[in-house]
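Take a moment with the model before reading on.

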Protein chains: 2
Amino acid sequence: MPPQAAGVRLADLQRPVAPLLDAVADELRRIIAADFPLIAEVNGHLLRMKGKLFRPMLMFLSNRAALADDVRLLRFAAIIEVTHLATLVHDDSVDHSALRRGMPTLNALYSHQVSVIMGDYLYSRAIIELVAVDDLEPLRILSRVTNEMTVGEMRQLAAYDALRFTEEEYGFLIRAKTASLFSAACELGALRAAPARRAALRAYGDALGMAFQITDDLLDYTEGEAVTGKPSGLDLKEHKVTLPLIAALPRLAPAERREVEALFAEQAPGSAPVARVIELVARSGGLEYARQRAEAYAATAEAALEELPPSLERDALRDAITYAVERRS
Amino acid sequence: MPPQAAGVRLADLQRPVAPLLDAVADELRRIIAADFPLIAEVNGHLLRMKGKLFRPMLMFLSNRAALADDVRLLRFAAIIEVTHLATLVHDDSVDHSALRRGMPTLNALYSHQVSVIMGDYLYSRAIIELVAVDDLEPLRILSRVTNEMTVGEMRQLAAYDALRFTEEEYGFLIRAKTASLFSAACELGALRAAPARRAALRAYGDALGMAFQITDDLLDYTEGEAVTGKPSGLDLKEHKVTLPLIAALPRLAPAERREVEALFAEQAPGSAPVARVIELVARSGGLEYARQRAEAYAATAEAALEELPPSLERDALRDAITYAVERRS
């Protein structure tokens with residue numbers, strides 16, 4: 001890995017496509033605009049909690065790195081962000097989350113009802129916008145992905161016997177939840193590129209997304225609230241089983257396993273048992289294993305980039321891998 | 001209106017296209033099929049609570065009446081029913097309804113979470129299937145309609161000062177909620193017909209849907225649980241304002257209006273004040289006014305059919321109008 005890779009900041013990745021990213025917000029505003037006051041008000045809230053635009057950034061970088069001229073790009077970027085927003089809104093409603101990106105969620109600020117309807121509103125606006133592009137290919141990609149995401153959500157919901165959740169099921173879940181949309185963003189950026197480049201960027205996005213989500217799940221074990229904005233061990237508190245625990249479980253002594261089971265049997269586990277399970281997972285190599293898996297996906301993502309000619313944007317895509325696995329929040 | 005029109009039964013309307021309607025269930029099953037056990041289980045439940053297939057029926061009749069050969073018809077019919085199902089699932093979740101078509105809703109049987117995700121699942125399957133048809137026109141029609149439906153839902157939610165709900169707002173709401181999908185069903189059936197016929201069937205579906213929904217709202221005032229399967233006055237109990245009350249309000253004496261206001265101020269009004277408000281609405285001509293509006297839309301729908309050549313199917317579409325305004329459940 002190149003020496004400048006360590007300590008990559010998001011702003012470094014964004015630099016080559018910064019003007020485009022600035023334009024996404026306006027495009028987004030245009031797509032979701034509504035006459036109806038309540039929808040307009042909710043839109044305002046959603047636009048204020050605008051995230052890092054990570055997916056549009058990947059799309060722009062992929063587009064340039066693949067040398068794929070495409071005037072529809074800005075529109076695609078806004079559409080993928082609207083789709084992402086729609087899934088966040090419904091996810092928060094399903095999870096009863098109160099905070100997102102440091103701001104109250106729609107279900108906290110308004111109601112469960114508003115969340116369900118607004119998610120549907122955003123989805124249907126994204127589809128209308130895609131139809132207006134007059135090309136079935138992006139619709140094919142995005143409708144497959146949104147369907148995959150719902151199946152993933154359902155799998156997460158159905159995993160009631162949490163401690164029997166396998167690494168394979170976990171892989172399926174994070175692909176559906178994160179990697180599929182990353183992959184779609186990269187592929188949409190390269191829609192007009194040579195087929196080999198388009199395929200390479202699709203593969204890159206998939207592997208990057210896997211590495212990104214595994215790292216996200218690791219951060220829940222390793223970083224405190226001051227860094228991530230979420231209390232550490234939140235997944236364990238909510239009985240969500242991710243890769244570190246899946247890897248640790250078979251390596252635990254019977255008495256240790258019983259401690260984990262006790263935590264999962266408690267309705268609202270306190271900080272002490274959560275801290276203890278984090279310690280057990282760390283000691284038994286669960287964190288290390290997850291880190292290795294993230295690194296393996298990072299290597300796959302990096303290999304996929306070989307298909308592309310050297311460029312500033314390809315460098316940024318490579319730095320995005322480092323960012324994905326080395327970030328602390 | 002022809003003499004045989006009175007007492008039209010649903011089976012009479014369905015007869016000319018009965019074999020097609022039988023085939024819709026299989027097509028529906030194919031489109032929503034899933035490997036994942038929980039989704040497959042929920043699908044089974046949804047397929048058992050299969051409704052009257054009123055929208056597919058309208059589509060088939062429109063198709064034949066417009067002489068529009070279209071091999072994609074069965075697929076379109078199943079897609080529109082899947083879209084309809086998706087909206088029902090989210091509606092029930094938004095309204096916290098426990099029963100639908102005499103069976104428990106998904107939110108009652110499973111959870112709010114399952115409802116939200118399954119609605120998204122069904123929507124995205126419908127889009128995937130539309131993309132596979134390889135024609136942007138049906139996608140354009142259906143995405144516009146689903147967006148309109150979400151805006152309608154939001155309007156319903158935002159109407160917190162119920163007694164100031166106007167007839168115009170009511171019209172917008174029922175068009176979004178019911179007429180838009182009726183209209184889309186008829187138009188999709190006539191996609192390959194001459195433009196004038198396609199436009200006529202779109203207009204027919206819109207007017208029919210308006211008449212249908214006004215009648216639905218009237219039935220809530222006029223029919224008891226034994227006939228409709230829902231307790232009479234349910235809308236009033238839930239503080240939903242529909243056309244009969246909108247029409248009655250300006251005609252009430254101040255003391256009568258205060259009785260209505262008292263009902264709307266109560267969290268869970270009992271049967272006595274509901275019965276009293278129904279009586280007030282009836283006495284002041286609210287029911288009669290709503291009936292006239294339904295009849296006016298019925299006349300518009302009937303006039304639209306003049307654009308089509310005489311046929312058994314056109315007769316059935318005309319009978320569908322009578323059915324819509326004269327049914328008792």
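## Chain A as a whole

Buried residues account for 50% of the 329 residues in chain A. The model is predicted. Chain A holds 17 helices and 2 strands. Its radius of gyration is 20 Å, close to the 20 Å that the globule rule gives for 329 residues, so chain A is as compact as a globular protein of that length. The C-alpha trace of chain A spans about 60 × 50 × 30 Å along its principal axes.

How do the contacts run along the sequence? Take the contacts in chain A between residues at least 6 apart in sequence: 75% of them join residues at least 24 apart.

## Where the chains meet

How many residues does each chain bring to the contact? Chain A gives 35 residues, and chain B gives 35 residues. On the side of chain A that touches chain B, α3 (37-48), α5 (73-95), α7 and α8 (136-158) each supply at least two residues. The largest share, 14 residues, comes from α8(A). By type, the residues on this side of chain A divide into 19 nonpolar, 9 polar and 7 charged.

## Two helix pairs

One pair joins the two chains. The other lies within chain B. The table sets out their geometry.

| Helix pair | Axis separation | Angle |
|---|---|---|
| α5(A) and α7(B) | 8 Å | about 155° |
| α5(B) and α8(B) | within 12 Å | roughly 15° |

Start with the pair across the chains. Helix α7 of chain B covers residues 112-132. Are α5(A) and α7(B) roughly parallel or roughly antiparallel? The angle is about 155°. Angles over 145 degrees count as roughly antiparallel. That makes α5(A) roughly antiparallel to α7(B). Their crossing is left-handed. On the α5(A) side, the residues are His90(A), Ser93(A) and Val94(A). They meet Gln113(B), Val116(B), Ile117(B) and Asp120(B) of α7(B). The residues of this contact divide into 3 nonpolar, 3 polar and 1 charged.

Now the pair inside chain B. Helix α5 of chain B covers residues 73-95, and helix α8 of chain B covers residues 136-158. Their axes cross at roughly 15°. Angles under 35 degrees count as roughly parallel. α5(B) and α8(B) are therefore roughly parallel to each other. The crossing of α5(B) with α8(B) is right-handed. From α5(B), the contact uses Phe76(B), Thr83(B), Thr87(B) and Val94(B). From α8(B), it uses Pro138(B), Leu142(B), Thr146(B), Met149(B) and Glu153(B). The residues of this contact divide into 5 nonpolar, 3 polar and 1 charged.

## A closer look at Phe76(B)

Phe76(B) sits in helix α5 of chain B. Is Phe76(B) buried or exposed? It has 26 other C-beta atoms within 10 Å, so it is buried. Setting aside neighbours within four places in sequence, Phe76(B) is in contact with Met59(B), Pro138(B) and Leu188(B). Pro138(B) also belongs to the α8(B) side of the helix contact described above. Phe76(B) and Ser124(B) are 48 residues apart in sequence, and their C-alpha atoms are 15 Å apart in space.

## A buried arginine

Arg125(A) lies in helix α7 (residues 112-133) of chain A. Because 24 other C-beta atoms lie within 10 Å, Arg125(A) is buried. What does Arg125(A) touch? Not counting residues up to four places away in sequence, its contacts are Ile31(A), Ile32(A), Val82(A) and Asn147(B). Arg125(A) and Ala33(A) are 92 residues apart along the chain, yet their C-alpha atoms are separated by 9.2 Å.

## Two leucines with positive phi

Most residues other than glycine have a negative phi. Leu53(A) has a positive phi, near 55°. The phi of Leu67(A) is positive as well, near 55°.

Where do these leucines sit? Leu53(A) is in the loop between α3 and α4 (54-65) of chain A. Leu67(A) is in the loop between α4 and α5 of chain A. Leu53(A) has 24 other C-beta atoms within 10 Å, so it is buried. Leu67(A) has 15 C-beta neighbours inside 10 Å, so it counts as partly exposed.

Conventions: Residues are numbered from 1 along each chain as its sequence is written. Chains are lettered from A and ligands numbered from 1 in the order in which they are written. This is a predicted model: local features need pLDDT of at least 70, side-chain atom pairs count only at pLDDT 80 or more; totals for chains, interfaces and linings use all residues. Helices (H or I, at least four residues) and strands (E, at least two) are DSSP runs, numbered from the N terminus. A residue is buried if 20 or more other C-beta atoms lie within 10 Å of its own, exposed if 12 or fewer, and partly exposed in between; C-beta atoms are placed from the backbone. Two residues are in contact if their C-beta atoms, placed from the backbone, lie within 7 Å. The radius of gyration is taken over C-alpha atoms; the globule rule is 2.2 Å times the number of residues to the power 0.38. Axes are lines fitted to C-alpha atoms, for helices over the stretch in contact, and angles run from 0 to 180 degrees between N-to-C directions. Angles under 35 degrees count as roughly parallel, over 145 as roughly antiparallel, 65 to 115 as roughly perpendicular and the rest as oblique. A crossing is left-handed if the near helix is turned anticlockwise from the far one by less than a right angle, and right-handed if clockwise. Ala, Val, Leu, Ile, Met, Phe, Trp, Tyr, Cys and Pro count as nonpolar, Asp, Glu, Lys and Arg as charged, and the others, Gly among them, as polar.
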